[in-house]
Amino acid sequence: MRLDIRDERIQELLQAWGTPYVYGAGTPSDGAREDWWLGAPSRLPNAPTPCPRGWDCSGFYQAAAVRLGLLSPTAGDRGAAALYLAMTPVREQDAKLGDAAFYGAHTGRPTHVMLCLGGDAVLGAASGTPTTFGADPRAFVSLERLRYWSAFLEVRRLKP
């Protein structure tokens, strides 16, 4: 994995590394906050009260895309499947900072998304489930290889 850690944009994104996975947490508007890397509480009715701050996969991708200037903070919130449909395919070897890597566990449909950093690296909220609200020490924003999960589907890019 080759990653240009001198890139200030990547340094900023890496601030989120280790932030807990919180299902239902994060929207594009969260990417506009100064302390964005801390995440947001879940917006789901079954979330614990108080709910810790964190990210789910699509919430993190959208907030990071706002930080990169690729998405407006007023954009509508989308899950992994809706993001997939709003993007165009990119060859894996052409993945660049801001692209999205999609994964589909046992379905062949996108159920998970990670942010491409370039150089075969992805960053995102991983290892959570619909019942993960920040308490699982194995579920957090992590840095991985693009094909870290065998359920890899493809890389896609936001439409201009």
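Which polar side chain has an atom 2.7 Å from the backbone oxygen of Met87? The side chain belongs to Arg156, and we will meet this residue again below.

## Before you start

This is a predicted model, where local features need pLDDT of at least 70 and side-chain atom pairs count only at pLDDT 80 or more, while totals for chains, interfaces and linings use all residues. Residues are numbered from 1 along each chain as its sequence is written, and side-chain values use heavy atoms, with hydrogens and water left out.

Helices (H or I, at least four residues) and strands (E, at least two) are DSSP runs, numbered from the N terminus. Arg156 counts as buried because its relative accessibility is 11%; buried means under 20% relative accessible area, exposed over 50%, and partly exposed in between, with a 1.4 Å probe and protein chains only.

The side chains of Glu154 and Arg156 make a polar contact at 3.2 Å. Such a contact is a pair of N or O atoms within 3.5 Å; within protein, one must be able to donate a hydrogen and the other to accept it, and residues adjacent in sequence count only if both atoms are side-chain atoms. Leaving aside neighbours within four places in sequence, Arg156 is in contact (heavy atoms within 4.5 Å) with residues including Tyr84, Met87, Val90, Asp99 and Phe102. On the same terms, the contacts of Glu154 are Tyr84, Pro89, Ala100, Ala101 and Phe102.

## The nonpolar cores

A nonpolar core is a set of buried Ala, Val, Leu, Ile, Met, Phe, Trp, Tyr and Cys residues joined through side-chain atoms within 4.5 Å. The largest one here has 33 residues, and Leu13, Phe60 and Tyr61 have the most contacts inside it. At least two residues each come from α1, α2, α3 (80-85), β2 (100-103), β3, β4 and β5. The greatest share is that of α2, with seven residues.

Not counting residues up to four places away in sequence, Phe60 touches Ala16, Trp36, Trp55, Leu115, Leu123, Gly124, Ala125 and Val141. Apart from this core lies another, of 11 residues, among them Val90, Cys116, Val122 and Ala126.

## The largest pocket

Now for some open space: the largest pocket has a volume of about 360 Å³. On a 1 Å grid over the protein atoms alone, a pocket is an open set of points where a 1.4 Å probe fits, with protein on both sides within 12 Å along at least five of seven lines; lining residues have an atom within 4 Å of a point. Grid points are joined across faces, edges and corners, and the volume is the space filled by probe spheres set on the points.

Of the 20 lining residues, Tyr21, Tyr23, Cys57, Thr111 and His112 lie nearest the centre. Both α2 and β4 supply at least two residues of the lining.

## Backbone details

A cis peptide bond joins Thr49 and Pro50, with omega about -5 degrees. Pro50 sits in the loop between α1 (8-13) and α2 (57-67).

Two residues other than glycine have a positive phi: Asp120, near 70 degrees, and Ser127, about 75 degrees. Asp120 is in the loop between β3 (112-118) and β4 (121-126), and it counts as partly exposed because its relative accessibility is 35%. Ser127 is in the loop between β4 and β5 (140-145), and is exposed, with a relative accessible area of 53%.
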